[in-house]
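Open the model in your viewer and keep the selection panel handy. We will go from stop to stop, picking something new each time.

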Amino acid sequence: MKNPLLYKNSINPRLSGRMQAVADMVTAGNRVCDVGCDHGFVSIYLIREGISPKAIAMDVNEGPLQAAGGHVKECGLEDYIETRLSDGMEALREGEADTLICAGMGGRLMIRIMEEGKQKALGMKELILQPQSEVHLLREYLRKEGYLIADENMILEEGKFYPVMKALPAADRREETDQDAADRLRIEDKYGPVLLRKKNPVLKTFLYREHSLCAEILENLRVNGNGKEKRQEEIKNRIKDIETAISYINDID
């Protein structure tokens, strides 16, 4: 429940669609650590809406962290939100937070942050992740490290697609030796197991757009791509994966 006393000061930051999707995945009552907090608006929102009782906003760069600290002070939330200069989870102590938020960075960087702070990550109740790139590598890492992707969403904002996922430490590594099952996992890593199961409409838009773009690229390669047979094969395989993902969406009840 909102605390009206926390709205008495001047700024009332509005979250973008993708950051609202991140905030919406946080479980109520959880203490939050936001790694790469930028201006601290997610932490401010979570406290003001009564979703989180405490937040630690961390960033590797002093500029954004100072901005976040200024916003926290302007809102009068110093008792609820602490800012820390930190490379990944370096400045976080084990057991200080229940929810880890990583948003607005590449998948490889998220993997590095989780690897370097592995015990801290595994000690969380949930991880809310919004990778900007290399999404399939992040999903593959989560699966192989025993995380369960419990929820996903995809946001289309200003012409760009943003996946958001909630991962739970589950200690259940998913590896398949059967080829059909392995292929299924590969498609899920690329496009999201929950997004596919939920027939997410934004994912469907993304898949059809990607299919159209790949078909156009393939046609251009056929006309002008002498000596680029390897590239043509790569695009054909990408189209095949997209068509498989579309079939999963259409076939799942």
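Arg-143 sits in helix 6; helices here are DSSP runs of H or I with at least four residues, strands are E runs of at least two, and both are numbered from the N terminus.

A word on the ground rules: this is a predicted model, where local features need pLDDT of at least 70, side-chain atom pairs count only at pLDDT 80 or more, and totals for chains, interfaces and linings use all residues. Residues are numbered from 1 along each chain as its sequence is written, and side-chain values use heavy atoms, leaving out hydrogens and water.

Next, pick Leu-142. Leaving aside residues up to four places away in sequence, Leu-142 touches Met-114, Leu-129, Tyr-147, Ile-149, Met-165 and Ala-167 (contact means heavy atoms within 4.5 Å).

Now widen the view to the largest nonpolar core, which has 27 residues. Such a core is a set of buried Ala, Val, Leu, Ile, Met, Phe, Trp, Tyr and Cys residues joined through side-chain atoms within 4.5 Å. Leu-127, Leu-129 and Leu-142 have the most contacts inside it. Elements giving it two or more residues include helix 4 (107-116) and helix 6 (135-144).

From Arg-143 to Ile-249, the C-alpha separation is 21 Å.

Technical notes. Buried means under 20% relative accessible area, exposed over 50%, partly exposed in between (1.4 Å probe, protein chains only).
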